[in-house]
Amino acid sequence: MLDLLRRAQSLAALSGILLLAILISPRAADGSRIFLQPGNLTDILRQISLIGIIALAMTFVILTGGIDLSVGSLLALSTTLTAMALTRAWPHAYYTSHILGAILAAVAVSTLAGALNGAIVSALRIQPFIVTLASMIGVRGLAKWLSSNENIDIGFGRDLAAEFAAVFREKAIVIGSYACAAALFWILLARTVFGRHVRAIGDNEKAAQYAGLPIRRTKIWVYSLSGLLSGFAGVLYAAENHQGNPNAGVAYELDAIAAVVIGGTPLTGGKGSISGTIMGTLIMGVLTNMLRLNNVDSNVEMMIKAVIIVLAVAVQRGRNSIS
Amino acid sequence: MTAPLLEARDIGKHFGGVAALRRAHFSLLTGEVRALIGENGAGKSTLAKILAGSVKPDSGRILIDGQPAPISSPLDAQRLGIGIIYQELDLFPNLTVGENIVIGNLRYPESRLVNFQRIDDFCRPFLEQAGLRCGARRMAGSLSIGEMQLLAIARALSMNARVILMDEPTSSLFDDAAERLFGLIRELKGRGVSIVYVSHRMDEIFRISDRATVLRDGETVATVEVGATDAAEIIRLMVGRNLNIAARPYRRPLGEVVLEAQGLTTGKLRDVSFELHRSEVLGVAGLVGSGRTELGRALFGLDRIRGGAVHFQGRPIKPASPRDAIRSGIGLVPEDRRLEGLMMHMSVTENSTLAVLARIAKRGFIRRRLEISGLGPMVRQLALDCPSLASPVETLSGGNQQKVLLARWLLLDPDVFFLDDPTRGIDVGAKQDIYRIIDGLAAAGKGVILVSSELPELLRCSDRILVLSNGRLTAVYDAKEATQETIMASATNFGTSSRQPGPLTGKDAS
């Protein structure tokens, strides 16, 4: 019942913004609303996909009462590694296996980095904010060092790297990846033992210890998943931008955290949902699109987003104090 | 007599859709000790919080000395001379004793800089009055729970309180600290301070209070002269029915030894040895700080075992974590259910099955039908009263929360149960249910170690009673022969006496 109400509220907020976007949408030459054009709607979905994917795992991290500031840097590392593997490594490999190898290598490295975050958080009992702040700095440094601080261009020719980019920047592939990841993480949280453990640890870690739950293992997995999804988002980033950019993903962690928080997961953890995070991501995406269609200055856009974040959390607080 | 010092009329308060108070009446005379009693959820804590200004009532009026006195904040209450001592003591552990007294205190003249000398001077008389023998510069967090309570009283006194509300002040005290508190209450009464005493414990009410106000379902049922009534009458008023205090159950013969500790030594425990048999309830008595909780921590892998050995069914074990201990077959129901036991935002079902998810899952996926169907018999066995199995446990009463926590361990079904004060702060009816569960565990061949602050409870439930004092085992009694006096004597025997511990094994004792 309460859960239904929570979902309904996120949904109501999203509907409100959608309605507003439709109402104030500029019109095309034929009189139709530009916002509602299929091309625009799918553009929104593609634009939110990277942050959306990262926010899915961020939800798990925040549910355990943690935070992962390193996701933007992990994305940069992964995007750099993808581009390097495609353009510089394995010159004699076959097309498909070369592409798959590049993706796997990039994702594996960022997953391992995430696992290291989790291991340090749980074994040394250092606050996740500090640990991931350190790795946000360190991993960014690694990405820049590996690429000598230069963009690695993938190009638009007919070579392997360009083929990769052509496939993985397809709207269907990008949006489909987000949809699949969302479905998987939804099931993971709602239906599995792992998901139950994640919520229990976030709600009361001491009680979780007394109940004999595998706290360390769960946390390492949670941060690994965060690394994995950031790495995957990095692969998509490389394709979309035709380059591996060690300076990519700056402040992505903040957008992802904002989406999670707007979706109703408090930073103290313990309660929240994937559906909420998806709503939060969509709210931010539609808002951005609406403002840009109406030629609102991007700096003003940031100010409006700031208000939305505070408003969303204020509404949630009000609701909680009633119950 | 004159107009009442404090009067509350028709107080109503809702939390969400739930009525905590409907039409509560309350009036208090100067220098009176008044017990405020009722089952959990009856509204006594809410009423106390309203009088102290930390909760705002929806309706009703409060009068002081016959004059309307709107109380809408703790500061208002302080101005009107009402002090409160919360069950969860609201102290700042990282500030000094003195700072705790002067912070937010209207009587302490404000200054921009902290002047410890002035704080010392201000606090000294009140610390003396409260009987807290410690310097004002000691950190509050280093005090024992009993001392913290005295500090809270000193704080109320320093605010010149004419009324002090105490919300279950003895729920975490052992009898000696409670004894000191009672002495202090008598002294305060002698000086004309009125005390409102919220409690579950019948014996205390008869010892210290003049009158008792009984609440039931948010309404005032009656206010009775304690001298002219008895416990059965008050219990009848509380529950609205006659409740027979269950007789001591039939004791069954003990089974084999399931758990054995030899010379167990940790940071707190010194050389503790005992045997626990199947079908046995082994009571553990001791003052707070005696090592009774630490005994559980050692067996459950939370404290490092520095010396001695623990055998489980003859095999030596050395649990390094609760996970380890659970695998060996030991379960522990912790003392503080909110802090160490329950996930307050999660549902009754999720809390109950948390430790046995592996059993009801297939390839990592929780089989939800199996999860819920497995819980049905448990809910009936525990007489669990909740709106729905999907309700978050934070919405349940203390007694029902405790039952959910017990359900978790009953489902896990270990061979040894360590129950650390399982009836702390819960109502009479739920206590009886928990005694029944403990009897049932023994009947099912489990070994049960029961820690309790209430001696009658230990005498009611146990086969044998271990007494700990200052980390050492000072006596072992057969529960049939022990009395509250003999147990108290052993519990306060601080290592100076040369008295030998009693017989150590069940066979010798029986």
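Student: How many bridges join strand S11 of chain B to strand S14 of chain B?
Tutor: There are 5 bridges between S11 (residues 257–265) and S14 (residues 307–312), and the two strands run antiparallel. Keep in mind that this is a predicted model.

Student: Which residue stands opposite Gln262(B) in S14(B)?
Tutor: That is Ala309(B).

Student: Which strands make up the open sheet, and in what order?
Tutor: The order is S12-S11-S14-S15, all in chain B, with antiparallel pairing. From one strand to the next, the twist averages 20 degrees.

Student: Which strands stand at the edges?
Tutor: Strand S12 (272–277) and strand S15 (315–317) of chain B do. Each has a single partner strand, so one of its sides has no neighbour in the sheet.

Student: Is S12(B) mostly covered or mostly open?
Tutor: Mostly covered: 5 of the 6 residues in S12(B) are buried.

Student: Changing topic. How many residues are in the largest nonpolar core?
Tutor: It has 166 residues. Those with the most contacts inside it are Ile54(A), Met58(A), Leu229(A), Ala256(A), Val448(B) and Leu450(B). Helix H10 (residues 215–241) of chain A gives the largest share, 14 residues. There is also a second, separate core of 74 residues, including Ile119(B) and Tyr197(B).

Student: Why would nonpolar residues gather like that?
Tutor: In soluble globular proteins, nonpolar side chains tend to be buried together.

Student: What does Leu450(B) touch, leaving aside its neighbours within four places in sequence?
Tutor: Its contacts include Val281(B), Leu282(B), Leu419(B), Ile438(B) and Cys461(B).

Student: Now chain A. How many helices and strands?
Tutor: Chain A has 13 helices and 2 strands. The radius of gyration of chain A is 20 Å, close to the 20 Å that the globule rule gives for 323 residues, so chain A is as compact as a globular protein of that length. Its C-alpha trace spans about 65 × 60 × 35 Å along the principal axes.

Student: What percentage of chain A counts as buried?
Tutor: 50% of its 323 residues. As for contacts in chain A with a separation of 6 or more, 79% are between residues 24 or more positions apart.

Student: Where is Phe129(A)?
Tutor: Phe129(A) lies in helix H5 (residues 128–146) of chain A. Phe129(A) counts as partly exposed because it has 13 C-beta neighbours inside 10 Å, and 20 or more would be needed for buried. Not counting residues up to four places away in sequence, Phe129(A) touches Ile67(A) and Leu69(A). The C-alpha atoms of Phe129(A) and Ile103(A) are separated by 28 Å, with the two residues 26 apart along the chain.

Student: Last one. How many residues of chain B are in contact with chain A?
Tutor: 24 residues of chain B are in contact with 20 residues of chain A. The side of chain B that touches chain A has 16 nonpolar, 4 polar and 4 charged residues. Among the elements that each supply at least two residues of that side are helix H10 (322–328) and strand S18 (365–366) of chain B.

Key
Residues numbered from 1 in each chain as written. Chains lettered and ligands numbered in written order. Predicted model: local features only at pLDDT ≥ 70, side-chain atom pairs only at ≥ 80, totals over all residues. Core = buried A, V, L, I, M, F, W, Y, C linked by C-beta atoms within 7 Å. Buried ≥ 20, exposed ≤ 12 C-beta atoms within 10 Å, placed from the backbone. Helix = DSSP H or I, 4+ residues; strand = E, 2+ residues; numbered from the N terminus. Contact = placed C-beta atoms within 7 Å. Rg over C-alpha atoms; globule rule 2.2 N^0.38 Å. Nonpolar A, V, L, I, M, F, W, Y, C, P; charged D, E, K, R; others polar. Pairing = 2+ DSSP bridges. Axes fitted to C-alpha atoms, helices over the stretch in contact; angles between N-to-C directions.
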